[in-house]
Amino acid sequence: MEGNITLSEFQNALEAYGVSGESQHIDPSGESDYIRFEHRALFKLLALMKERSISTQDLFNSCDINRDGSLDVLELENHLGSLSAELKQKDIHAIHNFFDIDKNGSCSEGEFKNQVSKAMKLHELQRAKGVNSMFEVQEGDDEGD
Ligand SMILES: [Ca+2]
Ligand SMILES: [Ca+2]
């Protein structure tokens, strides 16, 4: 007997176990682990802004250290990292990736404002979905504290 199986055999086997290919890392709310991680990082940032009463504009200005009107990942790391120890390097990278819509490596003021308000909407949605759905998810929660 050969050691490899065909794709359809593989898919059949996955179906038999109640998983189908890529959906195995997607929770019932339809979010992947990475998206959950990204959102958590964004929500930390939103919480920080709220706590310190930092406006979107203020945050952009203070992050834009070289005043070129856009934020590269190092500027975000420097500023956000100094604002809060809660925001780890990988959080900040996820945040930058979310902010940089056109993936040119920097986040313009327009992208920043657009994505901050998008993050706020996501946060609202998350809250509206209720706390219950958060407790249903037990895997992939690697909060270290
Ligand atoms: Ca800059
Ligand atoms: Ca960009």
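Okay, a definition to start: a residue is buried if 20 or more other C-beta atoms lie within 10 Å of its own, exposed if 12 or fewer, and partly exposed in between, with C-beta atoms placed from the backbone. Now, this is a predicted model, where local features need pLDDT of at least 70 and side-chain atom pairs count only at pLDDT 80 or more, while totals for chains, interfaces and linings use all residues. Residues are numbered from 1 along each chain as its sequence is written, and chains are lettered from A and ligands numbered from 1 in the order in which they are written.

So, S53. Is S53 buried or exposed? Exposed, with 7 other C-beta atoms within 10 Å. You'll find S53 in the loop between helix 2 (33-51) and helix 3 (56-63); helices here are DSSP runs of H or I, at least four residues, strands are runs of E, at least two, and both are numbered from the N terminus. Most residues other than glycine have a negative phi. S53 has a positive one, near 50°.

Next up, R67. Its phi is near 50° too, again positive in a residue other than glycine. R67 sits in the loop between helix 3 and strand 1 (70-72), and R67 is exposed, with 7 other C-beta atoms within 10 Å.

Helix 2 and helix 6 (residues 109-129) pack at about 105°, axes 10 Å apart; axes are lines fitted to C-alpha atoms, for helices over the stretch in contact, and angles run from 0 to 180 degrees between N-to-C directions. That makes the two helices roughly perpendicular (65 to 115 degrees; under 35 is roughly parallel, over 145 roughly antiparallel, the rest oblique).
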